[in-house]
Amino acid sequence: MSQITIFGASMSPFVRKVIAGAIEKGVDFKLKTVGFQDPDPDFRRASPLGKMPAILDGDYGLADSSAILHYLDARYDGPALLPADPQARGRAVWWDEYGDTELFAVGRKLFFNRIVAPLFLKREGDAAMADRAEAEDLPRVLDFLEERVPDVDGFLIGNTLTIADLAVASPFVNLDHANAAIDWTAYPRLDAWTKAMASRPSFANSIAHEQGFFAKIGHKVAGRLGAA
């Protein structure tokens with residue numbers, strides 16, 4: 001099969017999730033860097049709403065990270081990202097939604113206000129919002145996950161990696177970039193699991209690239225995930 005194009009930037013947890021899924025399945029792809037509402041005609045053909053990620057697979061365009069991973073799983077050979085068992089599949093889809101909504105919503109308050117606004121938009125972020133999310137919202141999410149993540153070498157669904165792991169692991173990279181103040185000694189299972197996921201080649205390459213970018217512009221990242 002021909003090479004697909006992934007549109008976006010891996011700094012987005014949703015784009016990073018798609019890149020990781022494509023690598024895990026062995027799908028040949030190239031990344032075309034675009035931003036939100038980018039006028040690139042191929043990107044807008046694949047993503048009419050101008051949101052990333054999006055893909056072009058030949059003449060077929062599709063946007064939304066979850067939709068893309070469902071498509072890649074059905075279209076391409078390689079390890080399945082969605083379990084065959086109905087109950088396991090339902091749970092995997094649930095975790096995917098959790099990562100894309102509950103977890104992302106908390107992480108976005110930190111990442112947007114501490115990283116996107118000052119470094120990319122050249123304006124002040126809402127520091128108070130980021131601090132409140134870090135102090136009040138983030139512990140609730142971490143407590144929830146600490147009780148549910150598997151041992152360091154395990155996965156959220158069964159004994160193989162699924163879309164659930166990709167969706168939950170990816171936002172933690174953004175928390176790392178935003179230097180989220182987390183006492184990881186209180187979350188030993190989550191600490192070990194997120195590090196194990198970040199060390200997989202499907203995530204490690206993106207993380208290294210992102211940390212390299214931050215190093216060039218003088219932003220110091222926590223470096224808990226990967227070698228900053």
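Which side chains meet in a salt bridge with an N to O distance of 3.0 Å, Arg114 being one of them? In this predicted model, the side chain of Arg114 meets that of Asp131 at this distance. The report returns to this pair after an account of the fold.

## Overall architecture

The protein chain contains eight helices and four strands. In sequence order, these elements follow the pattern β-α-β-α-β-β-α-α-α-α-α-α. The radius of gyration is 17 Å, close to the 17 Å given by the globule rule for 228 residues, so the chain is as compact as a globular protein of that length. Along the principal axes, the C-alpha trace spans about 45 × 40 × 30 Å.

Of the 228 residues, 50% are buried. The chain exposes about 10800 Å², of which carbon and sulfur atoms supply 54%. Where contacts join residues at least 6 apart in sequence, 67% of them link residues at least 24 apart.

## The sheet and the helices across it

The four strands form an open sheet with mixed pairing, in the order E2-E1-E3-E4. From one strand to the next, the twist averages 20°. Strand E1 (residues 4-7) runs parallel to E2, and four bridges join the two. Phe7 stands opposite Lys32 in E2.

Helix H1 (residues 13-25) lies across E1 and E2, and runs at about 165° to E2. Helix H3 (residues 65-75) lies across E1, strand E3 (54-57) and E4, with an angle of about 135° to E4.

Ala167 belongs to helix H6. Its relative accessibility is 1%, and Ala167 therefore counts as buried. Leaving out residues up to four places away in sequence, Ala167 touches Lys17, Trp95, Asp96, Gly99 and Asp100. The C-alpha atoms of Ala167 and Glu97 are separated by 7.9 Å, although these residues are 70 apart along the chain.

In helix H7 (residues 188-198), the buried residues are Leu190, Asp191, Trp193, Thr194, Met197 and Ala198. An α-helix has 3.6 residues a turn, so residues three or four places apart point the same way. The cover over the buried residues of H7 includes helix H5 (127-146), helix H6 (163-177) and helix H8 (201-217). Asp191 has a relative accessibility of 15%, which places it among the buried residues. Beyond its neighbours within four places in sequence, Asp191 is in contact with Trp184 and Arg224.

## Backbone features in the loops

Most residues other than glycine have a negative phi, and most peptide bonds are trans. Met52 and Pro53 are joined by a cis peptide bond with omega of about 10°; Pro53 is in the loop between helix H2 (41-46) and E3.

Asp64, which is not a glycine, has a positive phi of about 90°. Asp64 lies in the loop between E4 and H3 and is partly exposed, with a relative accessible area of 43%. Lys122, also not a glycine, has a positive phi of about 60°. Lys122 lies in the loop between helix H4 (86-120) and H5 and is exposed, at 67% relative accessible area.

## Salt bridges

The structure holds 16 salt bridges. One of them joins the side chains of Asp57 and Arg75, at 3.4 Å from N to O. This pair links distant parts of the chain, with Asp57 in strand E3 and Arg75 in helix H3, 18 residues apart. Asp57 is buried, with a relative accessible area of 6%, whereas Arg75 is partly exposed at 38%.

The opening pair, Arg114 and Asp131, meets at 3.0 Å, N to O. Arg114 lies in helix H4 and Asp131 in helix H5, so the pair ties together parts 17 residues apart in sequence. Arg114 is partly exposed at 24% relative accessibility, and Asp131 is partly exposed at 41%. Arg114 also forms a salt bridge with Glu134, the closest N and O atoms being 3.0 Å apart. Here Glu134 in helix H5 and Arg114 in helix H4 are 20 residues apart. Glu134 counts as buried, at 16% relative accessibility. Elsewhere, salt bridges that share partners join Lys17, Asp96 and Asp100 into one network.

Note on methods. Residues are numbered from 1 along each chain as its sequence is written. This is a predicted model: local features need pLDDT of at least 70, side-chain atom pairs count only at pLDDT 80 or more; totals for chains, interfaces and linings use all residues. Side-chain values use heavy atoms; hydrogens and water are left out. Buried means under 20% relative accessible area, exposed over 50%, partly exposed in between (1.4 Å probe, protein chains only). Contact means heavy atoms within 4.5 Å. Two strands pair if DSSP finds at least two bridges between them. Axes are lines fitted to C-alpha atoms, for helices over the stretch in contact, and angles run from 0 to 180 degrees between N-to-C directions. The radius of gyration is taken over C-alpha atoms; the globule rule is 2.2 Å times the number of residues to the power 0.38. Accessible areas come from the Shrake-Rupley method with a 1.4 Å probe; for residues, only the protein chains shown count as cover. A salt bridge is a side-chain nitrogen of Lys or Arg within 4 Å of a carboxyl oxygen of Asp or Glu.
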